[in-house]
Amino acid sequence: MTYTLTTPLYYVNDRAHLGSTYTTLACDSIARFRRLQGERVTFITGCDEHGLKIQRSAEASGLTPQAHCDAISGEYSDLWRRWGISNDRFIRTTDPRHRAIVEQFFARVEASGDVIEGRQQGWYCVACEEFKEEAPAAKEPHCSIHLRPLEWRDELNLFFRLSRYQEQIERLVASDDFIAPRSRRREVENFVAGGLRDFSISRLDLPWGIPVPGYDGHTFYVWFDALLGYLSALLGPDDPADLDLLAERGWPAQLHVIGKDILRFHAVYWPAMLLSAGLPLPEKVFGHGFLTREGQKMGKSLGNVLDPDVLLERCGADAVRWYLLRDIPFGDDGDFQQQRFTDLVNNDLANTIGNLLNRTSSMARRWFDGAVPPAGDAAAADHPLALRALACAEAVDAALEALDFRSAAVAILELAEAANGFLNDRAPWKAIKSEDGRPGVAADLYAVLETSRWVALLLAPLLPDLSGRMLGQLAQPELVGDTGWTAARHWGKLACGHPLPEPTPVLQRLELDPPL
RNA sequence: GGCUCGGUAGCUCAGCUGGUUAGAGCGUGGGAUUCAUAACCCCAAGGUCGGGAGUUCAAGUCUCCCCCGAGCCA
């Protein structure tokens with residue numbers, strides 16, 4: 001049993017923006033969490049590379065479509081590498097095996113009697129790659145999303161008989177776990193209740209796409225092709241392109257994480273396509289919110305786009321991950337505010353968590369020969385901090401299970417705060433001044449060092465880099481895959497007498513001057 | 001126009017099936033401390049819970065109307 005999760009396959013029309021980075025970071029944390037828990041994970045991301053919009057973008061920059069796709073999808077995979085994203089697969093829909101999968105899938109859908117020919121007339125938005133419901137007589141209609149003129153189309157297309165799946169989709173969409181967060185469910189339910197209409201799955205005379213077998217001049221509609229990327233992505237490097245293999249490779253997916261704008265494709269069209277092809281359905285579709293910046297939509301025209309490259313370069317992955325995952329309820333829209341960003345990173349990460357380790361390690365080294373002090377009764381499982389750590393670990397597990405990054409982050413922060421408070425109460429810097437205070441100081445410092453170790457462990461899914469640096473400062477081994485996490489989560493694992501390296505700040509405070 | 005989701009301290013948000021003086025974090029002000037990344041710890045001020053009407057012994061929490069924001073469908 002593997003846990004399969006996906007980001008959307010990003011459309012290579014343009015470079016990656018903060019939104020796609022956000023989705024990908026969130027998925028990365030889920031993937032890491034599952035792996036740490038000992039599950040086998042297949043974390044899929046990739047690029048969607050067909051369609052008229054891409055063909056035109058390529059033309060505009062004087063490239064062949066393939067060259068354009070190679071360039072942009074190269075940028076994506078490079079960006080994810082630099083962010084430390086732990087994806088297992090990176091699928092491109094121009095991959096030859098993907099084409100084979102699409103052909104097989106189509107053959108199944110056709111065999112189910114779900115492909116019919118029909119005439120598609122209407123106003124088309126190239127940016128959405130979608131037909132709009134404008135009246136045929138409309139004069140110069142514009143797409144309300146892209147504010148661009150719509151193009152009139154009148155073509156003979158192939159249609160997928162979505163209408164046959166009305167009842168099954170109604171039931172699916174109403175079920176408790178399928179659409180998340182819950183607040184997004186009603187909208188989809190209403191859409192389905194309005195009656196599902198067949199939708200076209202092919203285009204005529206659009207060279208940049210996968211040809212439809214048996215229908216000269218037809219290529220697959222980008223959405224049809226793109227969604228199938230989740231299937232082809234599961235093929236291992238040496239696997240043949242074979243739909244029948246997918247059950248062993250992790251299909252169905254446990255989770256599709258997407259932006260709320262493409263919820264309908266994933267929660268309605270996609271399941272129907274899968275039903276038609278006789279494949280099992282994904283367990284959950286999570287539509288997260290959008291990010292604004294200082295209260296405004298980000299956009300090229302406003303010139304306020306936050307470039308993930310710049311953000312990574314200037315602030316580092318830990319800071320950005322913490323801010324996005326800790327401050328924005330996953331699912332809701334969020335606003336990126338620079339002041340709040342630096343406040344949270346500096347307070348939570350540098351001051352509360354980083355400084356906790358720094359101050360404790362420094363005391364231990366100074367007074368106990370550069371090593372972890374003897375634990376005394378601090379090794380007992382009922383030490384107040386041990387109880388706190390255990391409760392925190394349970395809270396983190398539950399929160400991440402529920403995709404509630406925020407609660408997980410806050411729980412960890414509270415553990416660090418408890419340890420800081422403990423130090424202030426016990427004031428080892430006073431107690432050390434008398435010789436008979438020494439064993440107590442040793443025990444207290446041990447308890448806090450051990451708590452720091454737990455903080456580092458629990459941080460691993462959210463902030464893998466910071467977690468690793470903290471463990472390094474405690475001279476702990478790196479967390480390895482499956483069982484490492486569970487094994488490390490025992491109070492008292494920190495070995496007494498273990499030498500401690502010289503403490504250096506695990507996270508620099510952010511000083512954003514000039515502003516982003 | 002129909003529908004969905006929001007509108008709670010300066011900011012970001014918690015407030016379950018209605019029930020003691022509406023909570024947290026950040027920011028602000030004050031205190032304590034010196035082990036530490038001018039870090040940590042403690043305390044305080046700050047809200048007529050978007051507006052109005054209603055139901056109720058009792059409403060941020062239910063009903064209706066209106067206003068504002070985001071979105072879905074026309």
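**Surface near the RNA**

I looked up which helix gives the most to the surface near RNA strand B, and found helix 13, with 12 residues; near means that a heavy atom of the residue lies within 4 Å of the strand, and helices are DSSP runs of H or I, at least four residues long, numbered from the N terminus. The model is predicted, so I note that local features need pLDDT of at least 70 and side-chain atom pairs pLDDT 80 or more, while totals for chains, interfaces and linings use all residues. Residues are numbered from 1 along each chain as its sequence is written, chains are lettered from A and ligands numbered from 1 in the order in which they are written, and side-chain values use heavy atoms, leaving out hydrogens and water.

In total, 34 residues surround RNA strand B, and the closest are Asn190, Arg264, Asn355, Arg359 and Arg406. Of the atoms of RNA strand B that come within 4 Å of the protein, sugar and phosphate account for 75%. Helix 6 (185–193), helix 13 (338–367) and helix 15 (405–426) each supply at least two residues of this surface.

I then checked individual polar contacts (N or O pairs within 3.5 Å). A sugar or linking oxygen of RNA strand B lies 2.9 Å from a side-chain N or O atom of Asn347, and for a polar side-chain atom of Asn358 the distance to such an oxygen is 3.0 Å. For Asp333 the corresponding value is 3.5 Å.

**Salt bridges**

Next I counted salt bridges (a side-chain nitrogen of Lys or Arg within 4 Å of a carboxyl oxygen of Asp or Glu), and the count came to 33. Side chains of opposite charge can pair when their charged atoms come close.

Arg82 and Asp78 form one such bridge, at 3.2 Å from N to O, and they are four residues apart in helix 3 (residues 65–82), so about one helical turn separates them. Arg82 is partly exposed at 35% relative accessible area, as is Asp78 at 28%; the class lies between buried, under 20%, and exposed, over 50%, with a 1.4 Å probe and protein chains only.

Arg185 is buried, with a relative accessible area of 13%, whereas Glu189 is partly exposed at 24%. Elsewhere, shared partners join the salt bridges of Arg15, Glu75, Asp78, Arg81, Arg82 and Asp309 into one network.

Conventions: Polar contact = N/O pair within 3.5 Å; in protein donor to acceptor, adjacent residues only side chain to side chain.
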